Amino acid sequence: MTGHILQTLNQQERQLGPFGRGALTDTGLSPWQHWRLRTDEQGIAWLVFDRADASSNSLSQAVLEELGQILDQLLLNKPRALVLRSAKESHFCVGADLREFRNLDTTEAVEQKLLSAHAVADRLASADFPTLAVIHGHCFGGGLELALCCQYRLAVHGARLGFPEIQLGLHPGLGGTARATQLIDPIAAMTMMLTGKPVAATKARKLGLVDAVLPERHLAAAIESALNGRLPQQRPNLRARILNSAPARQLAARKMREQAAEKAMPAHYPAPEALIDLWEKHGSDSHAMRRAEVSSFARLLTGETAQNLIRVFFLREAMKNIAKEQPTFQFNRVHVVGAGAMGGDIAGWCAMQGMTVTLSDQTAESIARAVRNTAILCERKHLGPAEKRRVLDRLIPDLHNLGVRTADVVIEAVPEDLAIKHQVYREIEPQLKPGAILATNTSSIPLDQLRQGLQHPDRLVGLHFFNPVARMQLVEVVSQRGATEEVYQKALAFTGKIGRLPAPVLSAPGFLVNRALTPYLLEAVLMLDEGMAPETIDRAAEAFGMPVGPLELADQVGLDICLGAADMLREQLTTTELAPVPAWLRQKVDDGNLGRKTGEGIYLWQDGKPQKKKEVPEAPEGTVNRLILPMINACMTCLRLGIVPDEDILDGAMIFGAGFAPFRGGPLHYARKNGFAEIAIRLDVLEQQYGARFRPDPGWRKDPDELKGQ
Amino acid sequence: MSYSPQDFTNAHSTRPVYLVDGARTPFLKVRGKPGPFSPVDLAVQCGRPLLLRLDLPAEAFDQVILGCVNVVAGEMNPARVAALRLGLGEAMTAFTVQINCGSGMQSIDTAFRYIREGSADLILAGGAEALSHAPMVLEDEAVNWLAGVQQAKGLPARLRQLARFRPGYLKPVVSLKRGLTDPIAELNMGQTAEVIAHLFHISRVQADEYAVSSHHRLARAQQEGWLDQEVAPAFSNDGEVFKRDDGVRPDSSLESLSKLKPVFEAPYGKVTAGNSSQITDGASWVVLASEEAVQKYQLKPKAVILDSQWSALDPAIMGLAPVLSVSHLLTRHQLTLDDIDLWELNEAFAAQVLACLAALNDADFCRTALGREAPWGTLDRNRLNIDGGAVSLGHPVGASGNRIVLHLINALQRTGVKRGIATECIGGGQSGAMLIEAV
């Protein structure tokens with residue numbers, strides 16, 4: 001709740017030395033595009049990073065070249081000190097410009113580029129005048145690596161520092177692997193780089209990654225203090241030096257390898273091993289480590305995993321772009337009808353994203369459960385006590401659906417029953433305020449049926465969230481014939497506003513994700529019936545790169561939900577063959593053994609974890625194809641029928657909504673890599689062996705380029 | 001004490017002030033440890049559904065006033081904290097009022113006067129108290145000892161100071177207990193009830209009978225759903241929902257109550273835990289509006305405030321003070337007891353309520369204390385606290401004064417009668433009373 005007075009004043013908060021305060025405005029003529037340099041009365045040079053062609057500061061080749069020129073100039077004409085900071089409102093630097101990481105030439109060419117970038121960083125690191133990085137907001141990847149080249153790092157409250165490279169199948173590549181492990185406890189540095197998790201400023205101070213954490217208002221005093229030698233610099237302690245010795249590194253590296261392998265298969269994700277290897281071999285020799293980092297980084301970057309993960313990064317950006325904020329749409333209040341598992345979590349998530357949310361249900365106990373789950377979510381996300389209280393204050397129990405009247409978005413999440421939903425609409429529709437949208441979280445009822453009986457069917461749209469809402473980034477935004485474009489655009493913008501990625505889909509049975517997942521899950525169940533151990537089946541899918549196997553996933557989602565989806569698809573897709581549902585599965589559901597939520601499903605569950613046998617036979621050859629291809633085949637059907645607009649959205653949706661192996665770049669990308677004809681042949685073979693449910697979609701035989709444009 | 005009706009000629013001359021709506025939390029019995037809600041948590045729990053129901057823009061409100069006696073350290077000026085947490089915006093001025101057990105009514109009265117004089121149109125006025133959060137405090141000697149340790153310079157001095165420790169220093173005092181003792185009269189509130197029970201010949205059995213009826217009346221009101229609009233369920237962060245006042249004992253009987261020992265003046269006293277108000281957590285809000293606000297936002301007022309009165313007497317007989325306020329109000333408006341259709345007289349103690357009724361009907365008392373030639377007469381018990389009171393639903397001190405006004409509004413509406421008085425005794429020897437009419 002920052003009101004307009006403080007908001008206005010805060011525009012003058014940021015200190016930019018000789019450039020004044022607040023936003024970087026008229027700076028006169030500058031020989032550089034992305035940097036501004038000016039020296040203050042004390043002789044301190046302020047170098048302000050402000051990328052000209054983008055709203056965020058990322059490191060491109062041009063940015064680094066300019067920086068090199070500036071450093072050359074400063075080395076000739078030495079200032080008393082150099083302060084490096086960003087003019088952007090929310091961050092110091094977000095890292096490398098990933099656009100330059102695509103469509104690369106040879107590994108050698110990449111190495112050459114890296115070497116010149118390193119030369120710039122080294123020049124900064126070897127400056128013989130004091131250098132200070134002032135860090136506010138995000139300071140990631142290459143940005144952090146540049147900051148590490150400075151002698152002091154001052155973090156403004158709220159700053160977050162991290163090395164996210166690993167999530168792109170990379171490790172730091174601008175000397176950061178060496179500089180980080182030399183500056184702080186190498187285990188902590190390696191952990192940061194291996195997990196990719198950013199740390200908050202206070203944690204960074206504890207680690208020694210920054211020398212001070214302070215509010216913006218004490219910055220000038222802190223800089224002066226540093227220049228007078230009164231600000232103690234972070235230096236590695238004895239423990240850190242011992243940990244960087246060769247025997248200690250060997251020991252620690254072994255442990256890191258084990259832990260990294262548990263998180264991600266080294267065969268799929270080579271970056272952790274490459275990083276551990278770098279440190280193990282060169283941890284005590286910063287120079288050698290930086291040299292080795294160059295070739296290691298170049299190798300990773302040109303490899304398939306990194307390229308696919310970078311593709312996924314851009315898929316996410318593309319989806320975010322669909323959900324771009326539109327100034328004419330205001331989303332302040334959300335009303336959620338139905339405080340079941342989904343409705344409750346949707347409401348809690350929206351409250352956490354800053355919305356005022358009213359949550360209605362017929363029973364107060366369901367709402368109470370949602371309040372508790374939101375409180376737990378706040379804890380898990382490390383919200384401070386005041387922030388947590390604000391979230392919970394914004395989540396307003398509403399036993400009488402009163403919030404409908406003021407809501408900008410009403411989300412219906414009542415049981416999947418047409419009559420119940422219609423009854424809810426009859427109650428709430430007359431109360432909707434003008435301009436409000438009515439969204440349904442249905443996963444199985446066609447929107448064409450839901451809109452019947454509405455006075456204004458143009459307001460209805462589908463917002464299909466995935467379970468668990470706080471972890472699954474995808475929302476399928478379902479259009480229906482009667483909806484206006486404005487309503488649909490609002491739904492997309494709302495999805496972005498609550499930090500989720502929208503996948504525009506048509507109202508077709510199961511939309512995209514459930515339609516693609518169901519054949520995969522059913523096939524796994526069928527394999528169980530054939531006598532395979534569940535662990536064997538899951539392991540085969542995990543070996544392909546799925547985050548969890550299909551049977552564990554079914555247990556997580558809930559067998560009742562899976563069965564419901566399967567029955568719905570079978571009923572609505574009359575021409576599509578689906579694997580039969582064995583009687584024992586129905587029995588399990590009838591007995592209330594629904595999976596994780598009841599403690600027993602296909603697996604027994606304890607403390608939220610399935611109890612799996614360690615020693616199980618290997619899956620027979622072809623198991624992976626039998627599991628994965630039906631899913632990919634269904635994806636092709638959805639693409640061919642235009643249920644999703646294009647391959648990129650499809651791939652993004654399957655990665656963010658179904659967890660499809662990200663390093664493979666998405667199901668269609670995977671199919672393209674293998675060749676559509678090859679996929680069709682494999683499906684043909686499976687069809688002959690197992691029946692019509694494997695019949696290849698006609699789309700595979702089409703010209704791939706023709707499909708792409710759809 | 002003397003007064004003349006002419007002193008109050010302004011009472012009718014200015015703008016009418018309406019009571020629009022209100023809501024409260026369930027009153028939750030303190031069960032030996034801090035409850036799930038702080039005072040402001042409670043104020044938010046009932047404030048949110050009330051604001052949702054009213055559907056008014058935040059800017060519509062001019063002010064927030066909240067009564068709270070035991071303010072907790074993390075919520076100084078709870079009124080402002082509550083206003084911000086309720087989303088009423090940074091520009092909302094808010095202050096907290098404290099007059100012990102009258103705080104929740106003081107907030108209404110202050111709002112009433114602001115609106116009547118024309119400086120505000122819409123005010124949220126409430127009361128909140130979390131007696132379960134009353135802190136444990138150290139005796140002054142213990143605090144002095146601790147300060148001595150911290151200030152001692154050098155090891156010998158520090159050791160000398162440490163050696164002055166007495167085991168009794170470890171024994172904290174529940175601040176609540178101290179707060180319920182009158183510092184002037186040096187009597188516990190329960191003892192003041194003993195004093196007036198004695199002076200007005202209230203027996204233990206009468207007090208117990210009264211308590212039983214309070215429980216039965218509340219139980220019936222809950223069962224009939226008469227409190228459904230008034231009480232908003234409260235939701236705790238750990239997933240519990242509290243729907244009703246939980247101190248009620250529908251099976252309460254004279255027999256069960258007669259077994260209890262006197263708590264304040266054992267063994268011969270009459271006041272027991274069973275015939276005293278319960279120690280509870282709770283909050284309550286009402287919305288007051290001017291004629292202009294009613295028009296502008298198309299509000300449907302439930303009642304109009306006609307007048308209010310505060311009075312005081314010796315702290316040792318604080319429980320009798322409502323008689324003074326009521327007497328002033330009735331005189332000023334030339335009303336008799338029978339002209340008042342419903343009464344809410346806060347049940348601090350059953351014996352204290354009965355003593356007030358006895359005083360109103362006591363010729364000597366009315367002559368000497370109120371300057372009346374004749375006593376006021378008998379107050380019809382069927383019009384008094386018709387849905388129970390603090391004995392059965394508890395007395396979160398800062399909230400009670402607000403609750404009795406809120407409930408009076410709702411009870412007038414439900415029974416379809418017109419005029420009501422809500423009044424309470426206030427620790428320290430004071431009382432407040434409010435005369436309202438259904439509209």
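This is a predicted model: local features need pLDDT of at least 70, side-chain atom pairs count only at pLDDT 80 or more; totals for chains, interfaces and linings use all residues.
Chain A contains 29 helices and 22 strands; helices (H or I, at least four residues) and strands (E, at least two) are DSSP runs, numbered from the N terminus. Its radius of gyration is 28 Å, close to the 27 Å that the globule rule gives for 710 residues, so chain A is as compact as a globular protein of that length. Here the radius is taken over C-alpha atoms, and the rule is 2.2 Å times the number of residues to the power 0.38. The C-alpha trace of chain A spans about 80 × 60 × 50 Å along its principal axes. Of the 710 residues of chain A, 50% count as buried. A residue is buried if 20 or more other C-beta atoms lie within 10 Å of its own, exposed if 12 or fewer, and partly exposed in between, with C-beta atoms placed from the backbone. Among contacts in chain A with a separation of 6 or more, 71% come from residues 24 or more positions apart; two residues are in contact if their C-beta atoms, placed from the backbone, lie within 7 Å.

Two strands pair if DSSP finds at least two bridges between them. E5(A) and strand E8 (residues 138-140) of chain A are parallel and share two bridges.

A second open sheet in chain A has eight strands, in the order E15-E14-E13-E16-E17-E18-E19-E20, again with mixed pairing. Strand E15 (395-397) and strand E20 (501-506) of chain A stand at its edges with a single partner strand each, so one side of each is left without a neighbour in the sheet. From one strand to the next the twist averages 25°; axes are lines fitted to C-alpha atoms, for helices over the stretch in contact, and angles run from 0 to 180 degrees between N-to-C directions. Within this sheet, strand E17 (residues 437-440) and strand E18 (residues 460-465) of chain A run parallel and are joined by three bridges. A:Thr440 has A:Gly462 in E18(A) as its bridge partner. In the loop between E18 and strand E19 (474-479) of chain A lies A:Pro468, and the peptide bond from A:Asn467 to A:Pro468 is cis, with omega near -5°.

The axes of helix H26 (residues 647-658) and helix H27 (residues 667-674) of chain A come within 7 Å and cross at roughly 115°. A:Glu647, A:Leu650, A:Asp651 and A:Met654 in H26(A) meet A:Pro667, A:Leu668 and A:His669 in H27(A). The residues of this contact divide into four nonpolar, one polar and two charged. Ala, Val, Leu, Ile, Met, Phe, Trp, Tyr, Cys and Pro count as nonpolar, Asp, Glu, Lys and Arg as charged, and the others, Gly among them, as polar.

Between the chains, 17 residues of chain B are in contact with 21 residues of chain A. On the side of chain B that touches chain A, helix H1 (39-54) and helix H2 (78-85) of chain B each supply at least two residues, and H1(B) gives the most, with four residues. By class, that side of chain B has six nonpolar, three polar and eight charged residues.

Elsewhere in chain B, helix H7 (residues 189-199) is mostly covered, with eight of its 11 residues buried. The buried residues of H7(B), including B:Met189 and B:Ile196, pack against strand E8 (181-182), strand E9 (187-188), helix H8 (204-224) and helix H12 (350-360) of chain B.

In the loop between helix H9 (254-258) and strand E12 (280-290) of chain B is B:Ile279, which counts as buried because it has 20 C-beta neighbours inside 10 Å. By contrast, B:Asp55, in the loop between H1 and strand E3 (63-67) of chain B, counts as exposed because it has 11 C-beta neighbours inside 10 Å.

Conventions: Residues are numbered from 1 along each chain as its sequence is written. Chains are lettered from A and ligands numbered from 1 in the order in which they are written.
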